[in-house]
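Please read this briefing beside the model shown here. The points below are grouped by topic.

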Amino acid sequence: MSARWDNWLERLYNLRRDKTSGHERPHKPVLLLSIIDLIDRGRLARNEVLLSDELIVIFRGLFKAVCQANDQPSIQNPFFHLSGDKFWELVPVAGETVIYRPGATAGAPSVAELRRRVAYGRFDDGLWALLSDPVTRHQLREALIARYFPERREQIAAVLGAGARLAQPDALREELPPGRDAAFRWTILEIYDFTCAACGIRLVLHSGLSLVEAAHIIPFSVAWNDRPTNGLALCPNHHWAMDRHLIAPCPDDRHRGGVWRVNRQLDDRLHGQRDLILLSGRPVIPPHDKEFYPAEEGLRWREEHLTTVY
Ligand SMILES: [Zn+2]
């Protein structure tokens, strides 16, 4: 991935947020996820984001899935204050003045006033290019969820239209002793250079934080096998999907590292599942070092379990 991409991710990881309530307010990441959802639904094709009723409905649904304590689902706050993050601009309607002034301390105008004075919100062209591309858009969405709402992935997936069948109880993720898990995790992330073996997302921040996780091909509880050839680096979304046997790295004659296959129960009419279906037939992105390629027995185990639906 390009430096430009890393740069955008880092900026989205560091949104300026109001912390006066004791927790960080979720409004800005929720607004960004709502806009991404509008694009996914084919409802936003140009870099002109209207403060529409449709956007407000998606925002409220998502907000309900992630809000805490006294958070209020007021979309005018992020729609207005996102301007302070310097990649979002409120374009005034003809004859109106610019509504956002950097450093001004007044609160956000009402929805009605924003609609009266602002034609649309507009992203920086570089960020819009990433949002327009289905692959990078998916990765930005994953990054936002992993950074701001890692505990609410299931609820968000349900709201984003991924469908009830994807919103399963979260009991399948393995519980591992911390020391052993850390060693396995570090080994796998290094071998795979912090890159998801499914979608190729790669992100390491200066703080050492990585978006990508280490997954066991055959679960540790089954094989007790922490060898690197039983591991894969995956982004949270693909880790989650592999844990539920919705996707699987499978043996393949042409690709020694295996190829991805998807569960036939996935429905390409649901846009949350379409991303997963697109993986079908794509090679597993292998580690540089051939000796650490996924072991054949693990790929076979995954293939056999692909039809098991929880
Ligand atoms: Zn991924």
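Two residues are in contact if their C-beta atoms, placed from the backbone, lie within 7 Å. On that basis, residues 24 or more positions apart account for 67% of the contacts in the protein with a separation of 6 or more. This is a predicted model, in which local features need pLDDT of at least 70 and side-chain atom pairs count only at pLDDT 80 or more, whereas totals for chains, interfaces and linings use all residues. Residues are numbered from 1 along each chain as its sequence is written.

**Overall make-up**
- The secondary structure comes to 13 helices and six strands, where helices (H or I, at least four residues) and strands (E, at least two) are DSSP runs numbered from the N terminus.
- Of the 310 residues of the protein, 35% count as buried, meaning that 20 or more other C-beta atoms, placed from the backbone, lie within 10 Å of a residue's own.

- Just after α2, G42 takes a positive phi of about 75 degrees.

**Packing of α2 on α3**
- The axes of α2 (residues 27–40) and α3 (residues 53–66) come within 9 Å and cross at roughly 130 degrees, the axes being lines fitted to C-alpha atoms over the stretch in contact, with angles running from 0 to 180 degrees between N-to-C directions.
- The contact is made by V30, L31, L33, S34, D37 and L38 of α2 and by E54, L55, I58, F59, L62, F63 and V66 of α3.

Definitions and conventions
Buried ≥ 20, exposed ≤ 12 C-beta atoms within 10 Å, placed from the backbone.
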